Amino acid sequence: MIYKDFGKTGIKMSLLGFGAMRLPMAEGGKVNYELATPLMQRAFELGVNYIDSAPYYCDGDSEVAVGKALKGWRDKVYVSTKYPCEKATAADLREKLEESLKKLDTGCVDFYHLWGINAGTIERVSVKGGVLDEAAKLKEEGLIKHLSFSFHDKAENIFPMIDSGVFESVLLQYNLLDRSLEDAIKYAKEKGLGTVIMGPVGGGRLGTPSSVIKSLLKREVKSSAEIAMRFVTANPYVDIALSGMQNIAQLEENARIAGIENALTADEIEQINLMMAENKKLSDLYCTGCNYCMPCPQKINIPHVFSLMNYHRVYELTGYSKAEYGNLYKPMEQRTAAWEIGWGTDAGQCIECGVCEEKCPQKLKIIEQLKETHGVLGR
């Protein structure tokens, strides 16, 4: 296992981190502890010393599961969890932290993230007597060791947060298919923050077998997921690649990759950059995701539907595309998970009104493409 200097904290962190968002589940909405506990403890045995949870993960059971797995390992593992910046008040921050500490069955959180902070919430948490002031008190009391933030906003909005001097690490999205925060990772590292990457395999997208992804490297690799992990771990500004592993095989494969010095050569990185740039151009021919076509009167999220088609058509991530498209058949009133809200309905609901085509700056034949997408990805 490779270990990196984690910002200015003085801590050596394992390049592979354990994301406790997709733990094996049992019936009734609880984590299957018989599978999850040995899985996490095997990660610790392999040298993983950073584990990330949150109050809402695994239907609210992730922190409890992590707490069980930490028995006998607490002094060797750094624990991360999060504060959802919904109410963003000092009292709520303390209350939520106390709930997390109880679930984790620990006396402190090593890295406490302001969860999903963005340009719209940074001012609210910065008011006098607010969240940031309360977080400073909690650090003085020893309940928080380090204050961090997770980021889900436009790239340009991350830099003021990095420059604030308040945070010691950042959790952000980065993978082969989403490189919008690549400059921010470098900037954060140079400013002394620890950098943690979520979604190195694209939330499962890059775990789907794809000859296009595998062809990015001339050498023999086991899977598309291996290339995705190599790409992230090869970035010198990445401290931790956080992976939500569901079984021992995934864990041991990721641990193997996280132990490889120079996971990609300079020539391989250049080759990947060139090929992915060409693929991006091809994707943009079908849709750039500008959203000018929205909203659709039939509640079809046209850019999302086309992005799924591009994963199939451009990257051959067909299994992922069909599975995600299948979620669009779910009635809107049955959708509760945050990532499902706003997905819209399936493209088969198109009534060919033409409103979208009138607004499209590329003058795409959207109606025709919706029919094609529904025919390929639909039931």
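Ring pairs join Phe 6, Tyr 50 and Phe 111 into a cluster. Rings of Phe, Tyr and Trp (its six-membered ring) pair if their centres lie within 6.5 Å; planes under 30 degrees apart count as stacked, over 60 as edge-to-face and the rest as tilted. The model is predicted: local features need pLDDT of at least 70, side-chain atom pairs count only at pLDDT 80 or more, and totals for chains, interfaces and linings use all residues. Residues are numbered from 1 along each chain as its sequence is written, and side-chain values use heavy atoms, with hydrogens and water left out.

The whole structure holds 12 aromatic pairs. One of them joins Phe 149 and Phe 167; the ring centres lie 4.8 Å apart and the planes meet at 50 degrees, so this pair is tilted. Phe 149 belongs to strand β7, whereas Phe 167 sits in the loop between α7 (159-163) and β8 (169-173), so the pair ties together parts 18 residues apart in sequence. Helices (H or I, at least four residues) and strands (E, at least two) are DSSP runs, numbered from the N terminus. Both Phe 149 and Phe 167 are buried. Buried means under 20% relative accessible area, exposed over 50%, and partly exposed in between (1.4 Å probe, protein chains only).

Tyr 325 and Tyr 329 form an edge-to-face pair, with 6.0 Å from centre to centre and 85 degrees between the planes. Tyr 325 counts as buried because its relative accessibility is 0%. Tyr 329, at 22%, counts as partly exposed. Gly 326 lies in helix α14 (residues 318-326). This glycine is partly exposed, at 31% relative accessibility.

Lys 82 lies over the face of Trp 115, at 5.9 Å from the ring centre. Arg 313 lies over the face of Tyr 286, at 3.5 Å from the ring centre. A charge sits over a ring if NZ of Lys or CZ of Arg is within 6 Å of the ring centre and within 35 degrees of the ring normal.

Strand β7 (residues 144-151) also contains Ser 148. Ser 148 is buried, with a relative accessible area of 0%. Its side chain makes a polar contact with the side chain of Ser 169, at 2.6 Å. A polar contact is a pair of N or O atoms within 3.5 Å; within protein, one must be able to donate a hydrogen and the other to accept it, and residues adjacent in sequence count only if both atoms are side-chain atoms. Beyond four places in sequence, the contacts of Ser 148 (heavy atoms within 4.5 Å) include Phe 111, Tyr 112, His 113 and Leu 114.

The largest nonpolar core has 101 residues, of which Met 40, Leu 114 and Phe 149 touch the most other members. Such a core is a set of buried Ala, Val, Leu, Ile, Met, Phe, Trp, Tyr and Cys residues joined through side-chain atoms within 4.5 Å. Helix α13 (residues 302-313) gives the largest share of this core, 6 residues. Another core, of 10 residues, lies apart from it; Phe 6, Tyr 50, Ile 240 and Leu 242 are among its members.

The search of the whole structure finds 0 disulfides (pairs of cysteine sulfur atoms within 2.5 Å). For Cys 293, the nearest cysteine sulfur is that of Cys 287, 6.3 Å away. Cys 293 is buried, at 9% relative accessibility. Cys 108 is buried too, at 14%.
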